[in-house]
Amino acid sequence: MKKLKLTQKKLKNHRSMNSLERGLAGKFNMISFQLTEEQQALREMVRKFAQNEMAPNAAKYDENGDFPHDIIKKAWELGIMNIAIPQKFGGLGLGVLDDVIISEEMGAGCLGMCTSIAVNTLGLYPILLFGTDEQIKDLVVPFLEEPRLASFCLTEPGAGSDAGSLSTTAKDMGDHYLVNGSKMWITNAGHASLYSVFCTVDKSLKTKGMVCLAVDAKSPGISTGKPENKLGQRASDTRSITFENVKVPKKNQIGKVGEGFKVALATLDRTRTPIAASAVGAARMALEHSIRYSKERRQFNQPIAQFQAIQFMLADMSTKIEAGRLLCHRAGWLIDHGDAEAGVASSHAKRFSADMAMEVATDAVQIFGGYGYTKEYPVEKIMRDVKLVQIYEGTSQIQRVVIARHLLKD
Amino acid sequence: MNVFVLLKQVPDTETKIRVTGDGASIEKSDIKWILNPYDEFAIEEAIKTRDKFKEGSVTVVSAGPDRVVEALRTAVAMGADNAIHVKTDDTVDTFVAAKALAEVCKKEAASLVFTGKQAIDDDQAAAFGMVAEFLDWPSVSVVVKLDIAADKKSAKAEREVEGGTKHLIETPLPALFAVNKGINTPRYASLPGIMKAKKKEIKTYTLADLGLGSETARTKDTGYQLPPERKAGIKISGDAAAQVKELVRLLREEAKVI
């Protein structure tokens, strides 16, 4: 009896210790999935915009391949674009997790429009991350004053996944560079006013010879190709750009010579996760369409949602979407907190979400059957759109390379 | 102009309404609350009025429990300048709420008031008339078009009457306008607006502050009843002749329509 009392007392003492009372959370950072009030409000607002303005126009722009100037203008007016510009320059200074929340909603509205809207952040990050205050004021702040577009110009006809092997040259002419070469698959190239262009000053130096230049799109010597006739994401403008003796003033050099590759990777480290989140949004939309359709469509005298075959597909789609969202939210949070694991976490998020969205969209088409294969219904577009997420901003294979390298490093 | 907008927070239109076990009230725990959609038109009209005359401010007011602050912040995110919360519990009747809103309008020297033509939850369309009466102002309801004179002394309003007939009214100002869908297209809350709204200080009043401590409600909710569940339809089978025969029998004997 006495012994028992002692044990209870001991236990009580233990319980009063913080670590026991709060479990492991007392020792480590508390995990919270609670979005802030502002994040919830911005999610609501972007969802409303995406569902009321983007989604109803998605099929039209997909069909005619026109550039959705009206939607982009509205997005700009609402402050959905250029969200990463710091508050001290008059921007909103939002973080990557905020971007993830916004991107999921825009991806649910229309992935093509989402790419065109979000690519400004990609085009401006090099300057925001490596530019001087002066450069940010000169080059980035005008984006807050009127709707403007920026493009990120890294990929070349011969340099895709192997971005370090690019061959667009920047020749030092004293007070300016002379840029020659061509870029490929550049989003918004035909409508942008500013290009962040990655060049080499000496190809033999490989990545160590790269430099990032902010180039005025109206500079003499720049020509853009015609819009690529793409499988999906047809609302986004994708073109090649050719630079022929383009003069770029030295004051437009972003970061140091030799730092270009670092600038590109640091930028992509921040945009990869929102891109992944846009695929989560597209997948979520595919699931929502599938749920609605399977309740309406009747076969064998009952809605097809009554069949376990369909139910299991819906359940699996939902679990995958949840998993993708969690990876994106965690990666966004890690990036915002400057965690060393952030880079690989964003590769996990991008690889999984892109492949997942492709699977979910394919299943959605399957649930819709013959109807799903036609443009009368919205799911085939989602399937065509999400395919690109497995390719751009680092293919799913490159993400695996990053992840494996992380696993195998000594 | 000191433009005021009276707001109500209502259950989301997709909410499945459930009655509490005792039948006295609505189950509120899992309701998603939104700004009354008609009030969004009122906010937009107020902002447009302020911007048109390039002077004055827009103040949004809502009476209710703490959750209504969310609706007020939405309005600020859309572009309202100030927000006032009248703290009440969930059960005040329209009379008390209207009296409180009118008192706020008096205290804060409102010179023009907008609100939605009705709240989509209880559909009473009663508060706006009461507020106008308490203020001793004219009011115009179901407004689909409004033109305020340059001297701000009068306004021409267009009302929508059943069947699409337009009813034109001219009123001196100050006045209260209960607006309908179609008067404008409410703007979205902008991202900078959301961030500004979060930091906005919201002024609060209690009923006691407004001298309504001893005010008693005029009406009392005594209960809610859901509509009866719809019965499943009857499927008639057999060949065409048998089906017709059965249908006629049902129409005669069950529906008693022939």
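Let me start with burial: 47% of the 410 residues of chain A count as buried. Keep in mind that this is a predicted model.

Staying with chain A, its secondary structure amounts to 13 helices and 10 strands. Its radius of gyration is 24 Å, close to the 22 Å that the globule rule gives for 410 residues, so chain A is as compact as a globular protein of that length. Along the principal axes, the C-alpha atoms of chain A fill a box of roughly 90 × 65 × 40 Å. As for contacts in chain A between residues at least 6 apart in sequence, 73% of them join residues at least 24 apart.

Now one pair of helices. Two packed helices are described by the angle between their axes and the distance between the axes. In chain A, helix α9, residues 260-296, packs with helix α12, residues 379-387, at an angle of about 160°, and their axes are 10 Å apart. Angles over 145 degrees count as roughly antiparallel, so α9(A) is roughly antiparallel to α12(A). Their crossing is left-handed.

Which residues make the contact? From α9(A) they are A:Ala279, A:Ala282, A:Met285, A:Ala286 and A:His289, and from α12(A) they are A:Val379, A:Ile382, A:Asp385 and A:Val386. By class, that contact has 7 nonpolar, 1 polar and 1 charged residues.

Last, the two chains together. On the chain B side, 9 residues are in contact with 12 residues of chain A. Helix α5 of chain B, residues 191-199, supplies the largest share of that side, 5 residues. The side of chain B that touches chain A has 7 nonpolar residues, 1 polar and 1 charged.

Note on methods:
Residues numbered from 1 in each chain as written. Chains lettered and ligands numbered in written order. Predicted model: local features only at pLDDT ≥ 70, side-chain atom pairs only at ≥ 80, totals over all residues. Helix = DSSP H or I, 4+ residues; strand = E, 2+ residues; numbered from the N terminus. Rg over C-alpha atoms; globule rule 2.2 N^0.38 Å. Buried ≥ 20, exposed ≤ 12 C-beta atoms within 10 Å, placed from the backbone. Contact = placed C-beta atoms within 7 Å. Nonpolar A, V, L, I, M, F, W, Y, C, P; charged D, E, K, R; others polar. Axes fitted to C-alpha atoms, helices over the stretch in contact; angles between N-to-C directions. Parallel < 35°, antiparallel > 145°, perpendicular 65-115°, else oblique. Left-handed = near helix turned anticlockwise from the far one by under 90°.
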